[in-house]
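Please open the model in your viewer and keep a selection tool at hand.

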Amino acid sequence: MLHTLLVGLGRSGRELHLPVLRRLRLEDTAGAGALFAPDAPLGYDIARPAAGAAPGPVTVASPEDARERLDPDATVVHVCTPPTARAEVVTEFAELGFRNFLVEKPIGTGTAAVEALRQVRDRYRLRLAVVAPWLHSTLTARLERLVTTGDLGALRRITVHQRKPRLRRSLADTGHPSAFDVEMPHSVGVALRLAGAGRVHRAHWTDARAGTAVAPRMGTAELTIRHERGTVSRIATDLVSPVRERSIVLDFEAGTVVGHYPVGGEDPYAQLRITPDTGPEEHDIFLDEALDACLLQVYRDFAGGAGFTADFELQARVVEVLEAAKQRAAAGDGGPVRPPGEPAPGEPAVGVPGSGEPVTGGPGTGALTAGEPGAGAGGFAAGRLGPDEFTAGPVTGEPVPGGVGPGDPGAGGPAVVGGPAVVAAGTREEHRHVA
């Protein structure tokens, strides 16, 4: 049976992990072979809880106090502190004998931080898992089946939108360096899972503003990944949005799939709409408690002696993607200064090499490539989105506002007739909110 120690009692530890752990413990089979120890989770945090925070666990005064009260070999340490000091936190508890760690995403704010964490893991022979709810999501599993079966042909494009009202937290909290570090670790992991390795082609960010208050780089963030197998992923997050959305659109050769992840624990249902070019449309709504599934599987893996190296390396590649995106955004042009597909010096391909996913684009796969008859900009079929546009939202059939067309100022490529607004990738803008 496994005990729990929550390190970091901010929103992630107190409001996400703790309620899920309480539910899982209630549902766990009592008696011999039970997965969770009967005692309640313990918590440790040097920061005082915020006013109005959800009720937390029983707390310990220090890491040494936790060591006195828990068996390190039978304890899972949840690292829910900000991503800027993962290696230091893990080291502190590893030196006290703890060996099982579950680390919140992202596992670092850059590749150097990830390498430091990897060295700590190897030095102390730790078992280190990563919180990745979207990779344990029922919706993601169903999307992955559509890709691997090839029922709708090759996967051409992935478009993700993550919108959430987070302005108060962004202005008050310096734990996340940019909007790339908040929601995007979820969606980048899914893009790499579905489409394989790729390189960041374009990226930019904006500040969050409310009156005279400014949270640098915490307004919006966008990135484009050109995957080695031909798919192009567009991922956008808006942390000053007045509405919540977690949507994903997959454009296949022979159809379109639109998915919606739950936007909060109060209504944990996902939706999936499959629209083939020929045949009837399917629409399904289903329960998708991804964080519950993630934590339960991690505890089962700890109890069963499973390894976590592959999952860690996938998350390391997520950080590589985000680091490359930040570098492009910081450069100010949002896009490459070299031909698409040609890496910068020292810029490796990032993704999941050797993962065994089927080829989803490029010559010989049925996907149109640049220069082939019927191919639009960037090798996409006419009428579908080209690789140099960023869509402001899922395809809705609404006309393009403002009539942006090819060659117009700010146009990132061909206009999408009958589709959503097109915004040039790399456009610099600011979100301003009146306090």
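This is a predicted model, and with sulfur atoms required to lie within 2.5 Å of each other, the count of disulfides is 0. Select C80: with a relative accessible area of 9%, C80 is buried, because buried means under 20%.

Turn now to the aromatic residues. The structure contains 6 aromatic pairs. Select F36 and Y299, whose rings form a tilted pair, 4.8 Å centre to centre and with 40 degrees between the planes. The two residues are 263 residues apart, so display both segments: F36 belongs to the loop between helix 1 (11–27) and strand 2 (42–44), and Y299 to helix 8 (residues 290–304). Both F36 and Y299 are buried.

Next, select W134 and Y261. Their ring centres are 3.9 Å apart and their planes meet at 15 degrees, so this pair is stacked. W134 is in the loop between strand 6 (127–130) and helix 5 (138–149), while Y261 is in the loop between strand 14 (255–260) and strand 15 (269–276); the pair therefore ties together parts 127 residues apart in sequence. W134 is buried at 4% relative accessibility, and Y261 is buried at 5%.

For a group of rings, select Y44, F93 and F98, which form one aromatic cluster.

Finally, consider charges over rings. Select R121 with F312: R121 lies over the face of F312, 4.6 Å from the ring centre. Then select R217 with W205, where the charged end of R217 sits over the ring of W205 at 6.0 Å from its centre.

Key:
Residues are numbered from 1 along each chain as its sequence is written. This is a predicted model: local features need pLDDT of at least 70, side-chain atom pairs count only at pLDDT 80 or more; totals for chains, interfaces and linings use all residues. Side-chain values use heavy atoms; hydrogens and water are left out. Buried means under 20% relative accessible area, exposed over 50%, partly exposed in between (1.4 Å probe, protein chains only). Rings of Phe, Tyr and Trp (its six-membered ring) pair if their centres lie within 6.5 Å; planes under 30 degrees apart count as stacked, over 60 as edge-to-face and the rest as tilted. Helices (H or I, at least four residues) and strands (E, at least two) are DSSP runs, numbered from the N terminus. A charge sits over a ring if NZ of Lys or CZ of Arg is within 6 Å of the ring centre and within 35 degrees of the ring normal.
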